[in-house]
Amino acid sequence: MSKKGVFLCLEGMDGSGKSSQLNLLLEELGRRGIGAVRIREPGGTDISEKIRNLILSPVHTKMSPKTELLLYSAARAQLLHEVVEPALAEGKMVLADRFAWSTIAYQGYGRNLDQSMIRALCEIAVGDCWPAHTFILDIPVEVFRQRAEKDARELDRMEQEKQDFFERVRLGYQDLAAANPHRMTLLDGTKSPMVVHKEIMDKVLTLI
Ligand SMILES: Nc1ncnc2c1ncn2[C@@H]1O[C@H](COP(=O)(O)OP(=O)(O)OP(=O)(O)O)[C@@H](O)[C@H]1O
Ligand SMILES: [Mg+2]
């Protein structure tokens with residue numbers, strides 16, 4: 001039987017550099033002849049992208065925290081079923097731009113939903129398909145604001161939340177990293193992109 005692929009994940013607050021780092025990582029892996037399947041959350045399948053639009057549209061001001069939680073979980077279950085599990089079974093590497101840790105940080109810490117309910121839902125959606133390792137990019141909330149301003153882009157429904165929401169989300173990620181030292185690395189996302197990239201690459205090379 002062929003070897004199961006490696007599942008890695010990048011996490012962190014909005015604007016912390018996840019997508020930029022995934023680009024750098026994919027380029028470097030490509031140079032070494034290593035292919036990988038890239039996914040983003042929420043999204044990555046027809047059904048999940050439709051759910052993504054529902055969740056993030058600033059029009060949906062009435063969405064309850066529980067609805068939000070269930071929609072994220074549904075999008076994730078579909079992504080695992082359609083993309084992640086088949087890719088890993090074929091021995092491919094999967095690189096995720098956010099995963100269930102985002103739900104724990106945003107809906108758990110940010111929205112103050114009951115942590116045991118969140119964990120239970122994550123278990124339902126994810127089963128035993130958790131990433132082997134997760135890199136969390138840590139930035140102060142002000143840095144997210146500055147980067148969003150620099151990019152001059154419209155903020156989605158989550159990004160329109162207030163300062164204290166993001167302070168809680170950041171704390172959530174820091175708590176997760178502290179509680180999972182063997183499968184998470186907390187990185188300073190304010191360092192230069194190439195410095196962060198090297199830190200990620202050094203660890204990835206020990207995992208593949
Ligand atoms: N280490 C860094 N130092 C300075 N700026 C950075 C760094 N990493 C990324 N940026 C810039 O910050 C902005 C957000 O980066 P990026 O889109 O990679 O973040 P993200 O975590 O994917 O955000 P989102 O959650 O909104 O998708 C971009 O303008 C990017 O060029
Ligand atoms: Mg991104």
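By the rule used here, a side-chain nitrogen of Lys or Arg within 4 Å of a carboxyl oxygen of Asp or Glu, this structure has 15 salt bridges. The model is a predicted one. Side chains of opposite charge can pair when their charged atoms come close.

Start with Arg98 and Asp14. Their side chains meet in a salt bridge, at 3.7 Å from N to O. The two residues are 84 residues apart and link distant parts of the chain. Arg98 sits in the loop between strand 3 (93–97) and helix 4, and Asp14 in the loop between strand 1 (7–12) and helix 1. Arg98 counts as buried because its relative accessibility is 12%, under the 20% cut-off. Asp14 is also buried, at 8%. Arg98 has another feature in its backbone. Its phi is positive, about 80 degrees, although Arg98 is not a glycine.

Now turn to Glu41 and Arg76. Their side chains form a salt bridge at 2.9 Å, N to O. Glu41 lies in the loop between strand 2 and helix 2, and Arg76 lies in helix 3, so the pair ties together parts that are 35 residues apart in sequence. Both ends are buried: Glu41 has 6% relative accessibility, and Arg76 has 1%. Glu41 is also joined to Pro42 by a cis peptide bond, with omega at about -15 degrees. Pro42 is found in the loop between strand 2 and helix 2.

Some salt bridges share partners. In this way Glu68, Arg111, Arg157 and Glu161 are joined into one network.

Next comes the largest pocket. Its volume is about 830 Å³. The lining has 39 residues, and those closest to the pocket centre are Asp14, Gly15, Ser16, Lys18 and Ser19. The elements that give two or more residues to the lining include helix 1 (18–31), strand 2 (36–40), helix 2 (46–56) and helix 8 (193–207). Helix 6 gives the most, with five residues. By type, the lining divides into 17 charged, eleven polar and eleven nonpolar residues.

The nonpolar residues tell another part of the story. The largest nonpolar core holds 48 residues, and Phe7, Val84 and Tyr106 have the most contacts inside it. Several elements each supply at least two of its residues, among them strand 1, strand 3, helix 5 (115–126) and helix 7 (163–179). Helix 3 contributes the largest share, ten residues. Leaving aside residues up to four places away in sequence, Phe7 touches Ile39, Val84, Leu88 and Val94, among others. Its contacts also include Phe99, Trp130 and His133. A second, separate core has 15 residues, including Val6, Leu8, Phe135 and Leu137.

One last stop is Ala152. Its phi is positive, near 50 degrees, in a residue other than glycine. Ala152 is found in the loop between helix 6 and helix 7. Arg98, with its own positive phi, is buried at 12% relative accessible area. Ala152, by contrast, is exposed, because its relative accessible area is 68%, over the 50% cut-off.

Definitions and conventions:
Residues are numbered from 1 along each chain as its sequence is written. Chains are lettered from A and ligands numbered from 1 in the order in which they are written. This is a predicted model: local features need pLDDT of at least 70, side-chain atom pairs count only at pLDDT 80 or more; totals for chains, interfaces and linings use all residues. Side-chain values use heavy atoms; hydrogens and water are left out. On a 1 Å grid over the protein atoms alone, a cavity is a set of points where a 1.4 Å probe fits but cannot get out, and a pocket is an open set with protein on both sides within 12 Å along at least five of seven lines; lining residues have an atom within 4 Å of a point. Grid points are joined across faces, edges and corners, and a volume is the space filled by probe spheres set on the points. Helices (H or I, at least four residues) and strands (E, at least two) are DSSP runs, numbered from the N terminus. Ala, Val, Leu, Ile, Met, Phe, Trp, Tyr, Cys and Pro count as nonpolar, Asp, Glu, Lys and Arg as charged, and the others, Gly among them, as polar. Buried means under 20% relative accessible area, exposed over 50%, partly exposed in between (1.4 Å probe, protein chains only). A nonpolar core is a set of buried Ala, Val, Leu, Ile, Met, Phe, Trp, Tyr and Cys residues joined through side-chain atoms within 4.5 Å. Contact means heavy atoms within 4.5 Å.
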